[in-house]
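These are my notebook entries on one structure. I set down what I looked up, element by element.

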Amino acid sequence: MRTSQIVVPDAEGLRLAVALLKGDKVCAFPTETVYGLGANAFSAVAVSAVYRLKGRPAWNPLIVHVGNADMARSLAAVWPDAAAELAQRFWPGPLTLVVVRADHVPAFASAGAPTVAIRVPAHPVAQALLRACELPLAAPSANRSEGLSPTSAEHVVRSLPEVPLVLDGGRCRLGLESTVVDVSCGTPRMLRPGALAAADIRGVVSVVDLPREGVTAPGTVRSPGMGKRHYAPRARVVLVPDFDEAALQRLWPPVGILTYRPLDSAAVGRGAQVEVLPADPQGFGAELYAALHRLDECGVSTIAVLAPPDGEGWMAVRDRLDRARA
Ligand code: TXA
Ligand code: MG
């Protein structure tokens, strides 16, 4: 197995990354949401390497990353008004648009679907890489399939030690994946809640269908990747309404605790590893994966998470925690 290389994204680092990408190899890079595992979207060899490295099922399509909205549009057969308006408002940023794929765009990055998911990331290193390689980059999150998404270069290496190169952009600012919106037919439909809030999207397209909450039954999902178990740490994840003695006693030790409310000393006294995250959904979401990674590293058996509040603002966090514990 090859040792990964975490490199500074200076001119030399970018040169190494571009050489890999142009040679049909993969390379990991930071975005403002999570790290991506990039490959030339027009290379069957490179795209299949992404699937192989991640252990990703062949039916799950990838997001294609480009530098700007004009390039995005060139990959689409149809560019509906909703796409133009959302792109104008939120790109570069944590929004992925699903559109009908143009004929010249190969089907393999889309797992054979007639659509393609496209995103223009805002992270300066992602932007620099896209400019330097002049390729559309198919890039899923840079982790083993179903595992926790990476929000640092070290997370990538731990999950995918075979990746030849990781451009180190530090910690991801938003920490949760992009919001995926399907504008390929009729009313825009949110397929995956994410770092961009539903309320912001509604400010532009007035109507957007939201995904049904709770874990969706197989066969009813329009986004193939929204499978039941996903975004999961090694430890078992349970949601608890609060951390009283009785709740804690029922958990299989060693226990990790993830909360957004200060804990009373009873819980801390039992030797649990405790992560206290910000009490707002953006702050909590930004820290969530990093905290789950840390708890996993401590070797806890159970991660007890204080159940997130109701309300649309917490939708993406609830979605990830639902899948992490499925
Ligand atoms: O923030 C993000 O979106 C990150 C960074 C790296 O950009 N990427 C990411 O990719 O989260 P991934 O592969 O882990 O998740 C992509 C999601 C999956 O749920 C997949 O099924 C869905 O987007 N998707 C991709 N192409 C699609 C398509 N043509 N139709 C419907 N869903 C699609
Ligand atoms: Mg992923």
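The entries below concern a predicted model, and they go from helices to loops.

**Entry 1: helix 1**

I began with helix 1, which spans residues 11–22 and so has 12 residues by the DSSP assignment. I found that helix 1 reaches 16 Å from its first C-alpha to its last, close to the 16 Å expected at 1.5 Å a residue.

I then asked which residues of helix 1 are buried. They are Gly13, Leu14, Ala17, Val18, Leu20 and Leu21. These residues cover an arc of only 160° around the axis, which puts them on the same side of helix 1. I noted the background to this: an α-helix has 3.6 residues a turn, so residues three or four places apart point the same way.

Next I looked up what covers the buried residues of helix 1. The cover includes strand 1 (6–7), strand 2 (27–29) and strand 3 (36–40). It also includes helix 5 (124–133), strand 7 (137–138) and strand 8 (166–167).

Last, I checked what follows helix 1 and found Asp24, whose phi is positive, near 65°.

**Entry 2: helix 1 against helix 5**

The axes of helix 1 and helix 5 are 10 Å apart, and the two helices pack at an angle of about 55°. Helix 1 and helix 5 are therefore oblique to each other. I recorded the crossing of helix 1 and helix 5 as right-handed.

Which residues meet in this pair? From helix 1 I listed Leu14, Ala17, Val18, Leu21 and Lys22, and from helix 5 Ala128, Leu129, Ala132 and Cys133. Leu14, Ala17, Val18 and Leu21 are also among the buried residues of helix 1.

**Entry 3: helix 10 and helix 11**

I turned to helix 10 (residues 281–298) and helix 11 (residues 315–324), whose axes come within 9 Å and cross at roughly 30°. An angle under 35 degrees counts as roughly parallel, and helix 10 and helix 11 are therefore roughly parallel to each other. Their crossing is left-handed. On the side of helix 10, the contact is made by Pro281, Phe284, Gly285, Leu288 and Tyr289. On the side of helix 11, Val317, Arg320 and Leu321 make the contact.

I also asked how many residues of helix 11 are buried. The count is 10 of the 10 residues, so helix 11 is largely enclosed by the rest of the structure.

**Entry 4: two loop positions**

I located Val78 in the loop between helix 3 (69–74) and helix 4 (81–90). Val78 is partly exposed, with a relative accessible area of 49%. Leaving aside neighbours within four places in sequence, I found Val78 in contact with Val99 and Val100. I also checked Val78 against Lys25, 53 residues apart along the chain, and their C-alpha atoms are separated by 30 Å.

Is Asp103 buried or exposed? Asp103 counts as exposed, at 82% relative accessibility. Its place is the loop between strand 5 (95–100) and strand 6 (115–119). The C-alpha atoms of Asp103 and Thr33, 70 residues apart along the chain, are separated by 29 Å.

**Entry 5: backbone geometry in loops**

I looked up cis peptide bonds. The bond from Trp91 to Pro92 is cis, with omega near -5°, and Pro92 lies in the loop between helix 4 and strand 5. The bond from Pro253 to Pro254 is also cis, with omega near -5°. I placed Pro254 in the loop between helix 8 (245–249) and strand 12 (255–259).

Glu146 has a positive phi of about 75° although it is not a glycine. Glu146 is found in the loop between strand 7 and helix 6 (153–159) and counts as partly exposed, at 40% relative accessibility. Ser206, also not a glycine, has a positive phi of about 50°. Ser206 lies in the loop between helix 7 and strand 11 and is exposed, with a relative accessible area of 53%.

Definitions and conventions: Residues numbered from 1 in each chain as written. Chains lettered and ligands numbered in written order. Predicted model: local features only at pLDDT ≥ 70, side-chain atom pairs only at ≥ 80, totals over all residues. Heavy atoms only, no water. Helix = DSSP H or I, 4+ residues; strand = E, 2+ residues; numbered from the N terminus. Expected span 1.5 Å × (residues − 1). Buried < 20%, exposed > 50% of the residue type's maximum accessible area, 1.4 Å probe, protein only. Arc of directions from axis to C-beta. Contact = heavy atoms within 4.5 Å. Axes fitted to C-alpha atoms, helices over the stretch in contact; angles between N-to-C directions. Parallel < 35°, antiparallel > 145°, perpendicular 65-115°, else oblique. Left-handed = near helix turned anticlockwise from the far one by under 90°.
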